[in-house]
Amino acid sequence: MACLLLWVGLALAGCAVKPLMGQKNTLAPEEHAAALRGTLRHGDWIVMRTVRIVGNMVATVTQKPFSHAAIYDAEYDSAIEAVAHGVHRSSLEDLLRKSQWVLVIRPLWANDHNSRIAVERARNLLGKPYDYSGLVGLSARDRYYCTELCMEAYRPFIQEKEPDNPIPRIIQPGHMYFWGTIVYDTGP
């Protein structure tokens with residue numbers, strides 16, 4: 001209820017992006033799954049705008065059109081994502097059913113070797129709890145929110161002192177392209 005009141009308050013203040021809700025706004029898996037599979041590589045990030053209440057809140061607060069991110073595991077043809085009930089694996093079809101817009105971003109550090117290690121690191125985080133405090137910059141050990149999971153997977157390859165492109169404490173889904181290249185875009 002508090003989250004709904006926050007969202008309504010921001011909307012009334014003129015700060016809200018267009019809310020999206022329900023199946024009529026989602027991408028059709030039968031149209032987009034094959035194209036995604038033709039583009040995705042092991043370790044790519046899937047950044048999306050979800051059509052759920054939390055997705056609307058994230059987009060409103062960040063003033064960016066994207067609200068969620070996951071890392072692609074080509075060996076299992078699935079995505080590893082962090083959501084309220086923790087880090088788990090989802091099919092591409094499930095991601096599309098809850099998304100209105102999807103980008104595939106290839107991380108700056110991605111190559112065959114690094115991506116294999118990054119996905120293995122993400123697999124090792126399956127079952128970890130969600131990091132609610134990380135959303136406000138107070139990261140908790142062994143807990144992850146969506147973009148934190150994506151960056152943590154590539155942590156061994158990130159130069160800690162990248163002055164031209166520092167990684168902030170709070171990583172917004174709408175900023176993931178700062179650390180990668182957009183290789184696929186379903187469009188809004």
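**Note on the predicted fold**

1. In the hairpin formed by β2 and β3, Asp-77 takes a positive phi near 45°. Four residues lie between the two strands of this hairpin. Strands here are DSSP runs of E with at least two residues, helices are runs of H or I with at least four, and both are numbered from the N terminus. The model is predicted, so local features need pLDDT of at least 70 and side-chain atom pairs count only at pLDDT 80 or more, whereas totals for chains, interfaces and linings use all residues. Residues are numbered from 1 along each chain as its sequence is written, and side-chain values use heavy atoms, with hydrogens and water left out.

2. Overall composition. The protein has six helices and six strands, arranged from the N terminus as α-α-β-α-β-β-β-α-β-α-α-β. Of its 188 residues, 49% count as buried; the term means under 20% relative accessible area, with exposed over 50% and partly exposed in between (1.4 Å probe, protein chains only). Among contacts (heavy atoms within 4.5 Å) with a separation of 6 or more, 74% join residues 24 or more positions apart. The accessible surface is about 9500 Å², and carbon and sulfur atoms contribute 57% of that area. These areas come from the Shrake-Rupley method with a 1.4 Å probe, and for residues only the protein chains shown count as cover.

3. The sheet. Six strands make an open, antiparallel sheet in the order β4-β3-β2-β1-β5-β6. Its edges are β4 (86–91) and β6, each of which pairs on one side only. Two strands pair if DSSP finds at least two bridges between them. From one strand to the next the twist averages 30°.

4. Pairing within the sheet. β1 is joined to β2 by four bridges, with Val-47 opposite Ala-69 in β2. Six bridges link β1 to β5, where Trp-101 is the bridge partner of Arg-49. Between β2 and β3 there are four bridges, and Ala-70 stands opposite Glu-81 of β3.

5. Is β2 buried or exposed? Six of its six residues are buried, so β2 is largely enclosed by the rest of the structure. His-68, Ala-70 and Tyr-72 are buried on one side of the strand, and Ala-69, Ile-71 and Asp-73 are buried on the other. In a regular strand, side chains alternate between the two faces of the sheet. Helix α5 lies across β2, β3 and β4, running at about 115° to β2. Such angles run from 0 to 180 degrees between N-to-C directions, and the axes are lines fitted to C-alpha atoms, for helices over the stretch in contact.

6. Nonpolar cores. The largest core has 30 residues, and Trp-45, Val-47, Ile-71, Trp-109, Tyr-154 and Met-176 have the most contacts inside it. A core is a set of buried Ala, Val, Leu, Ile, Met, Phe, Trp, Tyr and Cys residues joined through side-chain atoms within 4.5 Å. At least two residues of this core come from each of β1 (45–50), β2 (68–73), β3 (78–83), β5 (99–107), α5 and α6. The largest share, five residues, is that of α6. Another core, apart from this one, has 15 residues, including Leu-27, Ile-46, Leu-95 and Val-102. Leaving aside neighbours within four places in sequence, the contacts of Trp-45 include Ile-71, Leu-103, Trp-109, Tyr-154, Met-176 and Trp-179.

7. Helix α2. The buried residues of α2 (residues 29–39) are Pro-29, His-32, Ala-33 and Leu-36. Because they cover an arc of only 110° around the axis, they lie on the same side of α2; the arc is that of the directions from the helix axis to the C-beta atoms. On the face turned away from this buried side, α2 carries exposed Glu-30, Glu-31, Ala-34 and Gly-38. The buried residues of the helix pack against α4 (92–97), β5 and β6 (180–185). α2 lies across β5 and β6, at about 145° to β6.

8. Leu-138. This residue is in the loop between α5 (112–124) and α6 (146–153). Leu-138 counts as exposed because its relative accessibility is 55%. Not counting residues up to four places away in sequence, Leu-138 touches Asp-131, Ser-133 and Arg-169. Its C-alpha atom is 8.7 Å from that of Ile-170, a residue 32 residues apart from it along the chain.
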